[in-house]
Amino acid sequence: MFSREARAELLAEADPDALIALADQCLADGAPVRVLTAPEVGCVTAQVVDPVAAERFLLGDILACRAEVELAGHRGWAMRLGDDRAAVLAAAVLDAEVQAGRSGAAAVDELCRRTQQARAAEDDREWAEIAPTVVEFEELT
């Protein structure tokens with residue numbers, strides 16, 4: 001079980017086709033769904049932390065899309081980078097599915113777990129690729 005924040009983060013990275021297919025499955029039972037905020041594309045300001053100085057700075061504006069729905073009386077919200085309106089709407093439906101405690105909640109958690117594993121594998125691959133470039137310094141006293 002993921003926190004809502006962790007789930008939103010993972011749904012933002014999940015495969016778009018998997019999101020849409022799972023959202024279609026969740027809506028197949030005919031539960032009442034209402035789009036509160038249709039997918040909107042805009043720019044958000046990205047802020048990052050300098051890993052050396054540990055200071056925040058503005059990286060720039062990035063394209064993002066957000067949507068909000070109400071499913072079975074529970075709200076779902078999502079934001080993803082890019083302009084894929086269908087994927088962000090599907091992510092919002094999946095967030096609402098879990099918020100409502102409906103039957104597809106376990107499948108949403110499973111999708112989040114697969115996305116988390118894919119991210120970890122990608123991080124490991126990236127670290128393995130750059131590990132030979134690490135320079136270690138010794139302090140002379």
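Q: How are H1 and H4 crossed, left-handed or right-handed?
A: The crossing of H1 and H4 is left-handed. Keep in mind that this is a predicted model.

Q: Which residues make the contact there?
A: From H1, Arg7, Glu9, Leu10, Leu11 and Glu13 take part. H4 brings in Val108, Leu111, Cys112, Thr115, Gln116 and Arg119.

Q: How many of those are nonpolar, polar and charged?
A: In the contact of H1 with H4, 5 are nonpolar, 2 are polar and 4 are charged.

Q: At what angle do the axes of H1 and H4 cross, and within what distance do they come?
A: The angle is roughly 70°. The axes come within 9 Å. H1 covers residues 4-13, and H4 covers residues 105-130.

Q: So are H1 and H4 roughly parallel or roughly perpendicular?
A: H1 and H4 are roughly perpendicular to each other. The range for that label is 65 to 115 degrees.

Q: Back to Cys112 in that contact. Is cysteine 112 buried or exposed?
A: Cysteine 112 is buried, with a relative accessible area of 0%.

Q: New topic. How many disulfides does the structure hold?
A: The structure holds 0 disulfides. Cysteine 112 is in none, and its nearest cysteine sulfur, in cysteine 26, is 11 Å away.

Q: On to the strands. Where is threonine 37?
A: Threonine 37 is in strand E1, which runs over residues 33-49.

Q: What is threonine 37 in contact with?
A: Arg66, Ala67 and Glu68, once neighbours within four places in sequence are left aside.

Q: Does threonine 37 count as buried or exposed, and why?
A: Threonine 37 counts as buried because its relative accessibility is 15%. The cut-off for buried is under 20%.

Q: Last one. Where does glycine 73 lie?
A: Glycine 73 lies in the loop between strand E2 (56-71) and strand E3 (74-81).

Q: Buried or exposed, that glycine 73?
A: Glycine 73 is exposed, with a relative accessible area of 55%. Exposed means over 50%.

Q: How many residues apart in sequence are glycine 73 and glutamine 99, and what about in space?
A: They are 26 residues apart in sequence. In space, glycine 73 and glutamine 99 are 9.5 Å apart, C-alpha to C-alpha.

Notes:
Residues are numbered from 1 along each chain as its sequence is written. This is a predicted model: local features need pLDDT of at least 70, side-chain atom pairs count only at pLDDT 80 or more; totals for chains, interfaces and linings use all residues. Side-chain values use heavy atoms; hydrogens and water are left out. Helices (H or I, at least four residues) and strands (E, at least two) are DSSP runs, numbered from the N terminus. Buried means under 20% relative accessible area, exposed over 50%, partly exposed in between (1.4 Å probe, protein chains only). A disulfide is a pair of cysteine sulfur atoms within 2.5 Å. Contact means heavy atoms within 4.5 Å. Axes are lines fitted to C-alpha atoms, for helices over the stretch in contact, and angles run from 0 to 180 degrees between N-to-C directions. Angles under 35 degrees count as roughly parallel, over 145 as roughly antiparallel, 65 to 115 as roughly perpendicular and the rest as oblique. A crossing is left-handed if the near helix is turned anticlockwise from the far one by less than a right angle, and right-handed if clockwise. Ala, Val, Leu, Ile, Met, Phe, Trp, Tyr, Cys and Pro count as nonpolar, Asp, Glu, Lys and Arg as charged, and the others, Gly among them, as polar.
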